[in-house]
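This report goes through one protein model, starting with a pocket and ending with the chain as a whole. Please look at the sequence and the structure before reading on.

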Amino acid sequence: YKLTGIRKYYETAKANLDYVWPRSKSDDLGGGLWWRIDNQSKNACVNCPGVIAACLIGEISGEESYFEEAKAVMEWMVRTLAEEEIGKVYDCINLKGEINKWSSTYNQGTYIGGNMLLYFHYKDEVYKNRAAAAASCQGRLFPFVEHTFGNKGRVRAAAESQFSCRPVHSAPPRAQFAVYIIHINTSFGTMIAGFPGFLNRF
């Protein structure tokens with residue numbers, strides 16, 4: 001919709017978000033959104049994209065309630081599935097309160113994206129700083145040029161051993177990460193070290 005101005009795209013997006021949000025939101029495990037309808041875990045791969053979707057609908061609709069919902073979910077993410085200071089994002093928490101502590105490209109990317117969209121709306125530096133920490137952490141977890149384009153096995157083994165993380169080699173997760181790195185670049189006026197080569201070769 002933002003590219004074309006065709007109203008049906010916005011209406012479809014809003015209708016879907018309005019349908020799934022109340023179904024997935026709960027106070028179990030302290031807040032956040034369920035991953036699936038069996039309600040067995042709450043995952044970063046749902047909560048961070050949920051924040052992004054709510055922010056985009058809020059931006060277009062002008063309804064502040066979407067930003068408030070997005071903010072609440074992101075605060076849950078920070079309390080539950082992220083190490084705010086170092087920027088590492090964990091995968092999920094199950095009904096027993098057990099956290100799966102491996103990290104992945106797409107979760108780092110959408111965490112960055114959610115925080116940057118909240119920053120653009122609220123102008124609160126805490127969101128931008130969270131995004132920058134997550135981007136820097138991503139660079140430490142997965143050395144981009146080597147991980148993405150060569151010596152994958154060695155880098156993957158080292159990452160999984162040292163950081164309990166899972167590098168993702170497919171293009172869509174890397175694209176999610178790249179999109180939100182560009183948001184950081186625009187906001188800070190500088191590209192975080194090491195990422196221009198990744199973006200140029202992506």
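Predicted model: local features only at pLDDT ≥ 70, side-chain atom pairs only at ≥ 80, totals over all residues.

The lining consists of Y1, K2, L3, Y9, Y10, A13, A53, L56, I57 and I60, and the space inside the largest pocket is about 200 Å³. Two helices, α1 (7–24) and α2 (44–61), each supply at least two residues of this lining. The most comes from α2, which gives four residues.

The next topic is the nonpolar core. The largest nonpolar core has 34 residues, and those touching the most other members are V51, C55, M74, M77, Y111 and L118. At least two core residues come from each of α1, α2, α3 (64–80), α4 (105–122) and α5 (125–141). Of these, α3 gives the most, with eight residues.

Apart from its neighbours within four places in sequence, V51 is in contact with A70, V73, M74, G114 and L118.

Finally, the whole chain. The protein chain has nine helices and five strands, in the order α-β-α-α-β-β-β-β-α-α-α-α-α-α along the sequence. Some totals for the protein chain follow.

| Quantity | Value |
|---|---|
| Buried share of the 202 residues | 44% |
| Share of contacts between residues at least 6 apart in sequence that join residues at least 24 apart | 58% |

Key:
Residues numbered from 1 in each chain as written. Heavy atoms only, no water. 1 Å grid on protein atoms, 1.4 Å probe; cavity = no way out; pocket = protein on both sides within 12 Å on 5 of 7 lines; lining within 4 Å. Points joined across faces, edges and corners; volume = space filled by probe spheres on them. Core = buried A, V, L, I, M, F, W, Y, C linked by side-chain atoms within 4.5 Å. Buried < 20%, exposed > 50% of the residue type's maximum accessible area, 1.4 Å probe, protein only. Contact = heavy atoms within 4.5 Å.
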